[in-house]
Amino acid sequence: MTTLGEYRKVLKIFVISSTLSVICCDWLLVAYWNSVIGQFRMELIVFGSLYSAHDNLYSSSTSYNTPKIIVESDQLMELLSVCPMCAGHSSVELSSRHGAYLKFSSTCTTCQHFRLWENSPMKNKTPLINLFMSAGILFSRCLPTKTLRFLQMISVKSPSPATYFHYQKKFLHGVIREVYSSDMKALLKTLSTQELRVSGDGRFDTPGHSATFGVYTMMDSDTSKIISTELVKSTEVSSSPAMELEGLKRCRSSLSQKNVTIVELTTDRHAHITKWMREHWSEVQHTYDLWHISKSE
Ligand SMILES: [Zn+2]
């Protein structure tokens, strides 16, 4: 079993049960966040969320939804300084710390009983608490530096920004892509048996006519599910404004390859798109979005 595979297995469950709306900071995530179904499990995100009576606090298997609890260090020392063998006094030392992960050693001054205590399990030398906190920040679309600064301000041990970005790159993005692909595959398989009325629009990294990146997104109007997203760079086309039409063409091509049938497309009143629809995709009814019309009246 590969290390990455193990992490992915743990995180994949987390991703599937996460919820989602649009995330603005990462283009690659836009479609994913719109298409995944489910309810976000806040107990994972909040390090130290409360537990209800039916939760098993002492479960031996740890997962993303195992309740996490914030404990003041003095309160913890009070517990650890009592020897579990003779109830005598134990001297406690912090053996190691990595982000939110803490490992203490204690030695009884009476019976010399030695024990190690850690606040989170490890998986292949990676503390799961750090992994889950990083996943929670990303999947809840919080800003990582702000979230970590908040935790630091109230002295809650947490992963450093460098650790967060390392996990994001090494594990989290891969898991998102994996779940996104399988989710999208299943969605398009279902929709391929229907005639779809879709809406499409583009957006860009900067307003005006000097954008470098644009993303075109198509949504099934009946189910509000994102069915296609295409990223375009301005250097791939003649100019920045041309990115929108190119994105639409790519969405069309991608959906066509997946046997998705579109009967109606609703867009804004982008002149290039209106002309192209009339000349190259006339079998599809082209309609305008009322919001764009009322905005420009
Ligand atoms: Zn003892």
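Entry 1. I began with the pairing of S7 and S8, which is antiparallel and runs over eight bridges. The model is a predicted one. I looked up two individual bridges: Tyr 216 has Glu 230 in S8 as its partner, and Met 219 has Ile 226 in S8. S7 and S8 make up a hairpin, with four residues between the two strands. In its turn, Ser 224 shows a positive phi of about 60 degrees.

Entry 2. I then turned to the other partner of S7. S6 and S7 are antiparallel and are joined by seven bridges. One of the residues I checked was Gly 200, whose bridge partner in S7 is Met 218.

Entry 3. I next traced the whole sheet. It is open and has five strands, ordered S8-S7-S6-S9-S10, with mixed pairing. S8 and S10 (285–288) are the edge strands, each pairing on one side only. From one strand to the next, the twist averages 25 degrees.

Entry 4. I asked which helices lie across these strands. H7 lies across S6, S7 and S8, and its direction is at about 120 degrees to S8. H8 lies across S6, S7, S8 and S9, at about 130 degrees to S8. I also noted how S7 is placed: it is mostly covered, with seven of its eight residues buried.

Entry 5. I looked up the largest nonpolar core and found 22 residues in it. Val 198, Ile 227, Val 260 and Ile 262 have the most contacts inside this core. At least two residues each come from H7 (161–191), S6 (195–204), S7 (213–220), S8 (225–233), H8 (243–257) and S9 (261–267). H8 provides the largest share, five residues.

Entry 6. Setting aside neighbours within four places in sequence, I found Val 198 in contact with Met 218, Met 219, Asp 220, Ser 221, Ile 227, Ile 262 and Leu 265. I also recorded a second, separate core of 20 residues, which includes Ala 100, Phe 139, Tyr 164 and Phe 171.

Entry 7. Of its 297 residues, 29% count as buried. Among contacts between residues at least 6 apart in sequence, 51% join residues at least 24 apart.

Conventions: Residues numbered from 1 in each chain as written. Predicted model: local features only at pLDDT ≥ 70, side-chain atom pairs only at ≥ 80, totals over all residues. Core = buried A, V, L, I, M, F, W, Y, C linked by C-beta atoms within 7 Å. Buried ≥ 20, exposed ≤ 12 C-beta atoms within 10 Å, placed from the backbone. Contact = placed C-beta atoms within 7 Å. Pairing = 2+ DSSP bridges. Axes fitted to C-alpha atoms, helices over the stretch in contact; angles between N-to-C directions.
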